[in-house]
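Please look through the sequence and the structure shown here, and then follow the account below, which begins with a pair of strands and ends at the ligand.

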Amino acid sequence: MVRFRGRLHDARTATVLGRWLGLAVVVCFFTGLVSHLLQEPPGWLAPRLPSRPVWGYRLTQGLHVATGVAAVPLLLVKLWAVYPALFQWPPVRSARHALERASVGVLVATALLETVLGLANIAQWYPWPFSFRRTHWALAWVLLGATLLHVAVKAPDIARHWRRRRVDPDAADRRSLLRGVGAAVGVLTVVTAGQSVPALRPLTLLAPRRPDASTQGVPVNRTAAQAGVGRIAVAGWRLVVAGPEGYALTLHELRELPQHTERLPIACVEGWSASAEWTGVRLRDLLDRAGAPAAARVRVVSSQRRGAYRTTEMGPTYTRDGLTLLALRLNGEELSPDHGFPARIIAPNRPGVLQTKWVSRIEVVAR
Ligand code: HEM
């Protein structure tokens with residue numbers, strides 16, 4: 001039998017750390033749900049996705065990644081506080097106890113896997129053969145379910161230790177531990193959140209992307225070379241708008257149409273975001289000219305050859321929004337090849353992966 005004499009491996013410490021970890025799990029789950037629905041909405045929701053607030057996705061995804069990063073020290077300290085329980089003897093006392101232990105196994109495995117997958121994703125490191133997005137999504141449900149079950153099983157302990165005891169010989173030690181954990185969470189947040197919070201940019205040490213250290217003031221996730229887009233010859237390039245009264249435009253003709261400048265953020269699923277000034281033609285003007293019905297769904301096709309999101313779809317809440325542009329310029333300059341020259345989509349409150357670059361075709365799909 002293993003004996004543990006260390007202090008703070010107790011239910012009060014587990015409850016206090018559990019409160020923070022539980023909050024992190026819930027915030028991560030709901031912000032992740034928002035991201036999933038914006039990227040893969042069910043049919044009934046697709047035409048209703050809100051294009052406001054403009055900064056909505058920037059906030060929810062920034063929060064998702066910041067909370068996920070903050071959960072790492074919380075999770076490690078929580079596991080440290082409770083690990084003696086994992087070595088209890090005998091390991092199984094009854095069928096009910098075996099089930100309870102199995103559920104703790106699922107909880108720990110999914111919590112560790114989910115955070116490791118998320119961290120690897122923001123570092124753009126995919127050493128595994130499976131789809132990150134599908135796995136992260138499925139594990140999120142398992143983690144939420146396992147956390148709820150765990151809280152239900154531990155409810156009597158949690159209730160007993162929710163409030164501080166008047167007489168508690170470990171109170172001072174626990175306070176020191178919690179202060180240390182709080183400091184670790186605070187420092188980690190401050191040195192990564194600069195990737196989406198401009199005021200914290202000078203303190204950005206660990207964030208994989210620095211929005212201010214990038215071409216034209218906006219980071220690039222997939223370069224033209226990575227997407228297999230060669231040099232686009234302006235003379236032969238056409239934008240095809242396929243609809244009831246379809247047409248094609250040269251780049252010169254596109255530049256001659258009324259241009260609008262909007263300040264909109266681009267916000268990545270990996271948590272970074274940056275506001276920029278985009279200039280181009282309103283998508284709804286292009287669609288009106290093609291005779292598209294107001295409720296039409298639109299497919300945007302890119303000339304990229306490699307990588308996901310070669311085509312994306314948009315419902316009317318985005319296509320009819322005056323802020324949605326087929327952008328030709330970024331921060332006062334012509335789009336660079338890596339930012340999607342000659343034309344890219346920029347729409348409010350949308351994940352960056354759906355802001356299609358190197359647009360060659362816009363198709364009116366259906367009512
Ligand atoms: C990702 C989320 C979580 C993980 C990975 C986790 C992990 C664990 C593990 C491995 C144990 C020991 C297993 C056992 O006693 O059977 C445990 C115990 C416990 N957990 Fe959690 N937990 C999580 C969330 C929470 C939450 C949200 C709360 C409550 C606010 C909580 C409160 C407790 C309590 C009171 C104990 C019993 C500690 C003791 O008896 O000494 N946990 N947790």
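Strand 1 (residues 239–242) and strand 2 run antiparallel and are joined by three bridges, where strands are DSSP runs of E with at least two residues, helices are runs of H or I with at least four residues, and both are numbered from the N terminus. Within this pair, V240 has A248 of strand 2 as its bridge partner. The model is a predicted one, in which local features need pLDDT of at least 70 and side-chain atom pairs count only at pLDDT 80 or more, while totals for chains, interfaces and linings use all residues. Residues are numbered from 1 along each chain as its sequence is written.

These strands belong to an open sheet of five strands with the order 2-1-10-5-6 and mixed pairing, two strands being paired if DSSP finds at least two bridges between them. Its edges are strand 2 (247–249) and strand 6 (311–314), each of which pairs on one side only.

Turning to the ligand, 23 residues surround it, and the closest are A14, G18, G22, V82 and A85; a residue is near a molecule if its C-beta atom, placed from the backbone, lies within 6 Å of it. Among the elements that give two or more residues to this shell are helix 2 (56–86) and helix 3 (95–122), but helix 1 gives the most, with eight residues.
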